[in-house]
Amino acid sequence: MNFNATLFGQLLAFVFFVWFTMQYVWPYILEALEEREKEISDGLEAASRGKRELDEAHQKKAEILEEAKKEAADLVNQANARANQLVEDAKSAAHEEAERIKVSAQSDLDQAAKRTKEELRSEVAALAVAGAERILGSEIDKDKNSQIIDQIAQEL
Amino acid sequence: MASKELNSTDYIEHHLTNLTYGKCPDGTWSFAEVHGKSQVAGTEASCNINEMGFWAFQVDTLFMSVLLGMGMIFFMRRVAKNASSCKPGRIQNAVEYLVTLVRDQVQDNFTADKNPLMGPLALTIFVWVFLMNLMDLIPIDLVPWMANGFTAPNAEGGAIHYFKVLPVADINAPMGMALGVLILIHYYSIKKKGLGGFLAELTFQPYGKWMAPINVIFEIPGFYAKQLALGLRLYGNLFAGEMIFILIALFFGGFFSSITGVLAGVAGLALNFIWAVFHILVVILQAFLFMVLTLVYLQQAHEHH
């Protein structure tokens, strides 16, 4: 147990080992360590961000679904209304058409009746004239008596 | 494995003698002479360890500490070179655990600034001192036995008759490291506070500048005692541990000669086991303490008191 030059030998070795560790060991290991720490914290952050985004997406999805449902319901309501409208329109159009057909048929009928009446009248007039000719035994001058005949026909 | 030719005193003395290579008073360099013969077979020794004085190297201490240090940096370098952030292997995991531990200690104890020296310094101290301390757990006669060509340590058979495997039980090793820390403390003290500021801290406190002589008497011993104690603490703990192992090893002396020798040997095994288990704690604790105290003292060097 005596102090001697070993002291300085040991000191030199110590300095060398510290220098070596500082130069070639510590920075590399620390770098790997810190890189991994960063990767882990980045990963955790990314995971929590992903989770948050997922939550947001879920919420958004629910909102969109809700909106779509509402829209669909609106569309159905609109379609129903429109269908009702169409049916109503068709109904009223049909009514009108029926009315119109009825009216025109009526007028045709009236006209036919009128014409028949005219025909009947003129036939009756001719019959009456013929009857009268027979009765009178002479021919009635049609031109002379047409005024009378017309008057009779008018009275029919 | 104490050989029968040795008595207890010789055995203990043998285990406390370093393999020393130094400059003798006559100017020649040689291994030391112990009990009339050279520590290394086939060499001429012209003086003993005490005559060598300062210019002597404890070859075993330097060899073991440099060997362990080299092992440390090669291992660490290999891990560092292949370090990847995404696929750490088992060894990288273990080293990373160590680095994290050291980094946390640096962050806790050294808060002055971001000094890139502190991490590597603390890591080197912790691992190197731990490895050197660990040598204490190697069976006490194993390495001397191997060094001496697989014969009893003091026998004539092998090449090297003396070899202490535990570098920290030689005061030069821990004090050499403590000297490095002492230099760093002075460097940072002067760098951060200026030479005047540093000296003022030692002279103008705690009683103001008119009491400078008394302040110096208080401050100087305190300042240097803690740095001295840094090395002495490690040396003392491990030397004491080594000493106990040596004493326990004496139990094995008569193992093959008598029934009491066998009983003593069994008791020695039990004691050795208990002490080794306890010593695991000392080994790691002292390495850790050396590291933490270094950081604390360097932090103090950065602070203005």
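Predicted model: local features only at pLDDT ≥ 70, side-chain atom pairs only at ≥ 80, totals over all residues.
Local features here need pLDDT of at least 70 and side-chain atom pairs count only at pLDDT 80 or more, while totals for chains, interfaces and linings use all residues. Residues are numbered from 1 along each chain as its sequence is written, with chains lettered from A and ligands numbered from 1 in the order in which they are written.

**View 1. Chain A is a spread-out chain.** Chain A has 2 helices and 0 strands (helices are DSSP runs of H or I, at least four residues; strands are runs of E, at least two; both are numbered from the N terminus). Its radius of gyration, taken over C-alpha atoms, is 60 Å, well over the 15 Å that the globule rule gives for 156 residues, so chain A is more spread out than a compact globule. That rule is 2.2 Å times the number of residues to the power 0.38. Along its principal axes, the C-alpha trace of chain A spans about 190 × 25 × 15 Å.

**View 2. Helix 1 (residues 8–15) of chain B has three residues to look for: B:Tyr11, B:His14 and B:His15, its buried ones.** They sit on the same side of helix 1 of chain B, because they cover an arc of only 95 degrees around the axis (the arc of the directions from the helix axis to the C-beta atoms). These buried residues pack against helix 8 (212–249) of chain B.

**View 3. In chain B, 3 strands form an open antiparallel sheet in the order 2-1-5.** Strands pair if DSSP finds at least two bridges between them. The edges are strand 2 (29–31) and strand 5 (56–58) of chain B, each pairing on one side only. Strand 1 (residues 20–23) and strand 2 of chain B pair over 3 bridges, and B:Tyr21 has B:Phe31 as its bridge partner.

**View 4. B:Gln105 lies in helix 4 (residues 90–109) of chain B.** B:Gln105 is buried, with 20 other C-beta atoms within 10 Å. Leaving aside neighbours within four places in sequence, B:Gln105 is in contact with B:Ala122, B:Met291, B:Val292 and B:Leu295.

Key. Buried ≥ 20, exposed ≤ 12 C-beta atoms within 10 Å, placed from the backbone. Contact = placed C-beta atoms within 7 Å.
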